[in-house]
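Subject: Structure handover

Hi,

Here is the structure I promised to pass on. Please open it beside this email and follow along.

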Amino acid sequence: MGDQTQPAMKFAPELIAFAEGQWEPVEWCAWWEKNAAEMKALCLPGWYLRMKLPVGTTECTSRNVASCHHGVCQVLKDWGCDFTRSDRYSTANKVEIDKAIADLEHKQKDKARRAQPAILARISHRVGGFVAGGGFCATI
């Protein structure tokens, strides 16, 4: 199961379970919060930084869990551990991103639909490129 000389290898079973998608995201965040200090003490700094929640965040979002998952998989690979990487967390993150994009697009379309009458009212006085009252205006 990899390089047993690394002190942090005592956490390998938990990390492998996470890498294989066996943990619920909130379970992983709770486990990490409980064990982060010991992980930091036992791991090389680069390994710890790969596995921890992104800087400046404490929220257990799909994005943060997917980031941790990627880092854990990299560390397990460095340790020479055998595991089957799950796409569970990255898929959940993609679904969340796709939903956010769809929601934003819907809001933008709704805003444009609501603004259309006001825009048409402002330009309705234009006829053939000329502004009522004289002067030339480029066609929109």
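Is aspartate 110 buried, partly exposed or exposed? Aspartate 110 is partly exposed, because its relative accessible area is 25%, and buried would need a value under 20%. Please keep in mind that this is a predicted model.

**The overall layout**

The chain has 5 helices and 2 strands. Along the sequence they follow the pattern α-α-α-α-α-β-β. The chain holds 140 residues, and 31% of them count as buried.

**Salt bridges**

Side chains of opposite charge can pair when their charged atoms come close. A search of the whole structure turned up 7 salt bridges. Here are some of them.

Start with aspartate 110 again. Its side chain meets that of arginine 113 in a salt bridge, at 2.3 Å from N to O. Both residues sit in helix α5, and they are 3 residues apart, so about one helical turn separates them. An α-helix has 3.6 residues a turn, so residues three or four places apart point the same way. Arginine 113 counts as exposed, because its relative accessibility is 52% and the cut-off for exposed is over 50%. The pair is part of a network: salt bridges with shared partners join Asp110, Arg113 and Arg114.

Next, look at arginine 88 and glutamate 24. They form a salt bridge, and their closest N and O atoms are 2.8 Å apart. Arginine 88 belongs to helix α5 (residues 88-123), while glutamate 24 lies in the loop between α1 (12-19) and α2 (25-42).

Then find aspartate 78 and arginine 50. This is a salt bridge too, with the closest N and O atoms 2.6 Å apart. The pair links distant parts of the chain, 28 residues apart. Aspartate 78 is in helix α4 (residues 62-79), and arginine 50 is in helix α3 (residues 45-51). Aspartate 78 is partly exposed at 43% relative accessible area. Arginine 50 is partly exposed as well, at 39%.

**Helix α5**

Does the span of α5 agree or disagree with what its residue count predicts? It agrees. The helix has 36 residues, so at 1.5 Å a residue it should span 52 Å, and its end C-alpha atoms are 51 Å apart. There is a bend, though. At glutamine 116, α5 bends by about 40°. Proline 117 follows within four residues of that point.

Valine 95 is also found in α5. It is exposed, with a relative accessible area of 54%. Now look from valine 95 to serine 62. They are 33 residues apart along the chain, and their C-alpha atoms are separated by 9.3 Å.

**How α1 meets α4**

At what angle do the axes of α1 and α4 cross? They cross at roughly 125°, and they come within 9 Å. That angle makes α1 oblique to α4. The crossing of α1 past α4 is left-handed.

That is the handover. Please write back with any questions.

Best wishes

Technical notes
Residues are numbered from 1 along each chain as its sequence is written. This is a predicted model: local features need pLDDT of at least 70, side-chain atom pairs count only at pLDDT 80 or more; totals for chains, interfaces and linings use all residues. Side-chain values use heavy atoms; hydrogens and water are left out. A salt bridge is a side-chain nitrogen of Lys or Arg within 4 Å of a carboxyl oxygen of Asp or Glu. Buried means under 20% relative accessible area, exposed over 50%, partly exposed in between (1.4 Å probe, protein chains only). The expected span of a helix is 1.5 Å times one less than its number of residues. The bend at a residue is the angle between axes fitted to the seven residues ending there and the seven starting there. Axes are lines fitted to C-alpha atoms, for helices over the stretch in contact, and angles run from 0 to 180 degrees between N-to-C directions. Angles under 35 degrees count as roughly parallel, over 145 as roughly antiparallel, 65 to 115 as roughly perpendicular and the rest as oblique. A crossing is left-handed if the near helix is turned anticlockwise from the far one by less than a right angle, and right-handed if clockwise.
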